[in-house]
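Please look over the chain shown here before reading on. The notes that follow take it topic by topic.

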Amino acid sequence: MIIKPLKPSIYLRQLEALKWRLPVNHPKKEDIMKEHGKFYSGYYGERSLLYHLRSFLYRPDLLFYHNVKLKQDGFYFEMDLMILSQRQMTFVETKHFKGILSFDPIRHQFWRKDPETKKIEVYKDPLTQVRSHSHDFSSWLKENQLHYPLTITPYVTLTHKDALIDPELPGQSDIFKSIFRSDQLPFKLRESLNSTKSNKPISKRQLKAISEKIMSSHSEEKSDILQKFGISPNELRKGLRCPACSHIPMIREKNHWLCGACNHKCNPLIESLRDYALLIDEQICHRDMVAFCLLANRNQCSYYLGTLDLPKSGKKKGTVYHLEGLIKGG
Ligand SMILES: [Zn+2]
């Protein structure tokens, strides 16, 4: 049963919006495209796990949580995938890297050799990472007085189809029990479920309490992405963005807006207000909406806002519309 489904993170959606809103020749464009590519491929890798786990996802005895972020000892830790049951917990860290991947289990080192450039890149050891998250989670449970006496199984899955585990590593090494290509995950999970069958289970009520606490404690903060990359809101492309092909700006015709690039006709306010909420502010006034969406005037803006039924506060010229719901709604 999927309790917390996989969704693109707010940061990935901010990068996506920025990718479209930044002019082609902007000096930061390449950095944004690279960062977007990195986070999108991570998300793509996590999504590919769903296919491998398809026979487990709807089992009522297994609870699935994607991208849970919790705070322990003043720091946040985030797990790509958690699978909970009354008898066991499995944490899965995903790595979407192509090329030859090497691990040194003694020195806890992990590196990747690019098949084309032969360049070596060093990364954090993913097994250490997932073990440390398991440890953080156990401390978090204790601090919240939640009972879970069983051990947590940590796995690292390699989701890229062109990931090759260094064939020169000794095949018997213990790390391969925990690090493997993602198509092996269903077999590993089945093995782990069988081996924990004799564990004394926690009660359904205890599992429910853990599940509810995870969901109410999960936090995903929206950061100021423009500040992070040193970009001013004035540098963004203004106008309504086509929901079909992302061309900016759309042109106003009689009863609709038209995309000059793909001829799509629609009323595309929501997409552009969501861009505004992700990149600039979660509240917008008439004046800023006219400027960001390139609307003709305040009357046109009032007309569109009337059709959207957004929550608002303040009066007359001080009225602001609240866009938080557009981010949460995905
Ligand atoms: Zn279009």
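**Briefing: sheet, cores, domains and backbone details**

Lys113 has Ile120 of strand 7 as its bridge partner. That pair belongs to the 4 bridges that join strand 6 (residues 109-113) to strand 7, and these two strands run antiparallel. The model is predicted. The protein is divided into domain 1 (2-217) and domain 2 (238-328).

**The open sheet**

- The sheet is open and has 4 strands, in the order 7-6-5-9. Its pairing is mixed.
- Strands of a sheet pair through backbone hydrogen bonds, either parallel or antiparallel.
- Strand 7 (120-123) and strand 9 (163-165) stand at the edges. Each has a single partner strand, so one side of each is left without a neighbour in the sheet.
- From one strand to the next, the twist averages 30°.
- Strand 5 and strand 6 pair over 5 bridges, in the antiparallel sense. Phe103 stands opposite Phe110 of strand 6.
- Strand 5 (residues 99-104) and strand 9 run parallel and are joined by 3 bridges. Leu101 has Ile165 in strand 9 as its bridge partner.

- The hairpin of strand 5 and strand 6 has 4 residues between the strands. His108 lies in this loop.
- Phi of His108 is near 55°, a positive value in a residue other than glycine.
- Is His108 buried or exposed? His108 is exposed, because 12 other C-beta atoms lie within 10 Å, and 12 or fewer counts as exposed.
- Asp73 also is not a glycine, yet has a positive phi of about 50°. Asp73 sits in the loop between strand 2 (63-72) and strand 3 (75-84).
- Asp73 has 9 C-beta neighbours inside 10 Å, so it counts as exposed.

**A cis peptide bond**

- Ile248 and Pro249 are joined by a cis peptide bond. Its omega is about -5°.
- Where does Pro249 lie? Pro249 is in the loop between helix 6 (225-228) and strand 11 (251-252).

**Glu46, a buried charged residue**

- Glu46 lies in helix 2 (residues 29-52).
- Why does Glu46 count as buried? Glu46 has 21 C-beta neighbours inside 10 Å, and the cut-off for buried is 20 or more.
- Which residues does Glu46 touch, not counting residues up to four places away in sequence? They are Leu6, His66, Asp80 and Thr94.
- Glu46 and Arg190 are 144 residues apart in sequence. From C-alpha to C-alpha, Glu46 and Arg190 are 19 Å apart in space.

**Nonpolar cores**

- In soluble globular proteins, nonpolar side chains tend to be buried together.
- The largest nonpolar core has 25 residues. Leu18, Tyr276, Leu279, Ile284, Met289 and Leu323 touch the most other members.
- Helix 1 (10-21), helix 7 (269-279) and helix 8 (286-293) each supply at least two residues of this core. Helix 7 gives the largest share, 5 residues.
- This core draws on both domains, with at least three residues from each of domain 1 and domain 2.
- Leu18 touches Ile32, Ile225 and Leu279, not counting residues up to four places away in sequence.
- A second, separate core has 24 residues. Ile83, Val130, Tyr155 and Leu207 are among them.

**Where the domains meet**

- How far apart do the C-alpha centres of domain 1 and domain 2 lie? They lie 37 Å apart.
- The two domains touch: 7 residues of domain 1 are in contact with 7 residues of domain 2.
- On the side of domain 1 that touches domain 2, the residues divide into 4 nonpolar, 1 polar and 2 charged.

**To take away**

- The sheet order is 7-6-5-9, with strand 7 and strand 9 at the edges.
- Asp73 and His108 have positive phi. The peptide bond between Ile248 and Pro249 is cis.

Technical notes
Residues numbered from 1 in each chain as written. Predicted model: local features only at pLDDT ≥ 70, side-chain atom pairs only at ≥ 80, totals over all residues. Pairing = 2+ DSSP bridges. Axes fitted to C-alpha atoms, helices over the stretch in contact; angles between N-to-C directions. Core = buried A, V, L, I, M, F, W, Y, C linked by C-beta atoms within 7 Å. Domains from an automatic or database assignment. Nonpolar A, V, L, I, M, F, W, Y, C, P; charged D, E, K, R; others polar.
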